[in-house]
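Here are my notes on this one, as numbered points. Have the model open while you read.

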Amino acid sequence: MPVQHIANALVLPVGAVQQGSSGPFVYTVEQGKATDKAIQVLWETGKKAVISGITPQTRVIFPLPARLYPGAAVQTGAAGHSTKQQHQGSPS
């Protein structure tokens with residue numbers, strides 16, 4: 001099995017990577033709101049994607065809640081994982 005070292009790369013579940021009109025991106029949490037961050041997919045297997053463009057400290061939202069969009073309020077758990085999306089103007 002070939003082994004390759006890719007500097008500054010991260011591994012995410014392939015389902016965290018979304019395709020937009022400008023290319024691949026992931027949803028992240030910044031100041032309690034969802035944001036979309038452009039990334040580069042360096043390698044992909046059936047379940048994992050090797051990516052660059054974000055830091056290891058970036059909080060990636062996965063699994064993705066229904067109707068997630070940039071600016072949506074999100075609540076995170078103790079480990080920084082997204083636990084639910086809160087729609088503005090609706091009760092939580």
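This is a predicted model: local features need pLDDT of at least 70, side-chain atom pairs count only at pLDDT 80 or more; totals for chains, interfaces and linings use all residues.

1. Let's begin with Phe25, which is buried at a relative accessible area of 14%. Buried here means under 20% relative accessible area, exposed over 50%, and partly exposed in between (1.4 Å probe, protein chains only). Residues are numbered from 1 along each chain as its sequence is written, and side-chain values use heavy atoms, with hydrogens and water left out.

2. Which rings pair up? The count comes to one aromatic pair. Phe25 and Tyr27 have ring centres 5.2 Å apart and planes at 85°, so they are edge-to-face. The rule takes rings of Phe, Tyr and Trp (its six-membered ring) with centres within 6.5 Å; planes under 30 degrees apart are stacked, over 60 edge-to-face, and the rest tilted. Tyr27 is buried too, at 11% relative accessibility.

3. Thr28 sits in strand β3 (residues 23-30); strands (E, at least two residues) are DSSP runs, numbered from the N terminus. Is Thr28 buried or exposed? At 1% relative accessibility, Thr28 counts as buried. Skipping neighbours within four places in sequence, Thr28 touches Lys33, Ala34, Thr35, Lys37, Thr58, Arg59, Val60 and Ile61 (contact means heavy atoms within 4.5 Å).

4. One of those contacts deserves a look: the side chains of Thr28 and Thr35 are joined by a polar contact of 2.6 Å. That term means a pair of N or O atoms within 3.5 Å; within protein, one must be able to donate a hydrogen and the other to accept it, and residues adjacent in sequence count only if both atoms are side-chain atoms.

5. How many salt bridges does the whole structure have? The search finds one, joining the side chains of Lys37 and Glu30 at 2.9 Å, N to O. The criterion is a side-chain nitrogen of Lys or Arg within 4 Å of a carboxyl oxygen of Asp or Glu. Both ends are partly exposed: Lys37 at 30% relative accessibility and Glu30 at 38%.

6. Last, Trp43, in strand β5 (residues 40-44), counts as exposed at 52% relative accessibility.

Technical notes:
Helices (H or I, at least four residues) and strands (E, at least two) are DSSP runs, numbered from the N terminus.
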